[in-house]
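Keep the viewer open while you read.

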Amino acid sequence: MSMNESHIVDPAFAARVARIRAQQATRPSGPCKRAERRERWLYALSLVAAFGMGILVVFAARYARFHLTGMLPGTGEIGRSTLATDIVLAYLAGFVLQQLFNFRRAEHVGAKTFGMILAVFTMHMVVHAVPAPFEFLFSEAWVHQVIRITDPTTIAVF
């Protein structure tokens, strides 16, 4: 290629560069638009809501298990399969709520699952810290049984 040929510009390329510059000129160069900022906040809140939903479904599963069976934690046949029972009931409740709130993205499912795992292994700590609400929702015998069979400083499944 000679020196004179290197200065020749392809008309199609020049037209494309002109279109790109025109598009850039129409976009605001300042901070993001209010709608984009709002979408980011809503997305972040949806992740927090998915995490909270995971915690809520484990609580609901344990509530349902206790009131349907009437058995205290750590006693009887259900004591051997507590974790499996809680996970199955929580996933069923989570599936229903997922359909209601449209949490289908992988990060929402991950946040919900993390909330479920956290609740399964640490709910007894909350029972130790504030037993009164649990006595009202479950029963006094249920709370005393949870406090008796678990240590508030360790991770446990009851």
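A salt bridge here means a side-chain nitrogen of Lys or Arg within 4 Å of a carboxyl oxygen of Asp or Glu. With that in hand, a search of the whole structure, which is a predicted model, turns up 1 salt bridge. The partners are Glu107 and Arg105, and their closest N and O atoms sit 3.0 Å apart. How exposed is each partner? Glu107 is partly exposed, at a relative accessible area of 30%. Arg105 is partly exposed too, at 48%.

**The overall picture**

The chain has 6 helices and 0 strands, so from the N terminus on its elements read α-α-α-α-α-α. Of its 158 residues, 26% count as buried. The accessible surface comes to about 10700 Å², and carbon and sulfur atoms own 66% of that. As for how the chain folds back on itself, take the contacts between residues at least 6 apart in sequence: 71% of them join residues at least 24 apart.

| Pair | Separation in sequence | C-alpha to C-alpha |
|---|---|---|
| Lys112 and Ala50 | 62 residues | 4.8 Å |
| Met125 and Ile155 | 30 residues | 8.3 Å |
| Leu56 and Ala90 | 34 residues | 8.5 Å |
| Val58 and Val88 | 30 residues | 9.5 Å |

Let's take these one by one. Lys112 belongs to helix α4. Is this lysine buried or exposed? Lys112 has a relative accessible area of 4%, and since buried means under 20%, it counts as buried. Leaving out neighbours within four places in sequence, Lys112 is in contact with Ala50, Phe51, Met53, Gly54, Gly94, Phe95 and Gln98.

Met125 is also a residue of helix α4, but here the side is partly open: Met125 has a relative accessible area of 27% and counts as partly exposed. Which residues does Met125 touch, not counting those up to four places away in sequence? They are Pro152, Thr153, Thr154 and Ile155.

Setting aside residues up to four places away in sequence, Val58 touches Ala90, Met116, Ala119 and Val120.

**Helix α6 and its buried face**

Helix α6 covers residues 140–149, and within it Trp142, Val143, Gln145 and Val146 are buried. Why do they count as one face? Looking down the axis of α6, the buried residues fall within an arc of 160°, so they line one face of the helix. What lies over the buried residues of α6? The cover includes α2 (34–69), α4 (106–129) and α5 (131–137).

Trp142 comes back when you look at the rings. The whole structure holds 9 aromatic pairs. One of them is Phe134 with Trp142, a stacked pair with 6.3 Å between centres and 20° between the planes. The stacked label follows because planes under 30 degrees apart count as stacked. Both Phe134 and Trp142 are buried. They also belong to one aromatic cluster, made up of Phe59, Tyr63, Phe66, Phe134, Phe138 and Trp142.

**A greasy spot on the surface**

Finally, have a look at the outside. Phe95, Val96, Leu100 and Phe101 make a nonpolar surface patch of about 450 Å². Phe101 is part of helix α3, which runs over residues 82–101. Why does Phe101 count as exposed? Its relative accessibility is 52%, and exposed means over 50%. Phe95, another member of the patch, is also one of the residues in contact with Lys112.

Notes: Residues numbered from 1 in each chain as written. Predicted model: local features only at pLDDT ≥ 70, side-chain atom pairs only at ≥ 80, totals over all residues. Heavy atoms only, no water. Buried < 20%, exposed > 50% of the residue type's maximum accessible area, 1.4 Å probe, protein only. Helix = DSSP H or I, 4+ residues; strand = E, 2+ residues; numbered from the N terminus. Arc of directions from axis to C-beta. Contact = heavy atoms within 4.5 Å. Patch = residues over 30% accessible without salt bridge, like charges linked within 9 Å, V, L, I, M, F, W, Y side chains within 5 Å. Areas by Shrake-Rupley, 256 points an atom, 1.4 Å probe, with all protein chains shown as cover. Phe/Tyr/Trp six-rings, centres within 6.5 Å; stacked < 30°, edge-to-face > 60°.
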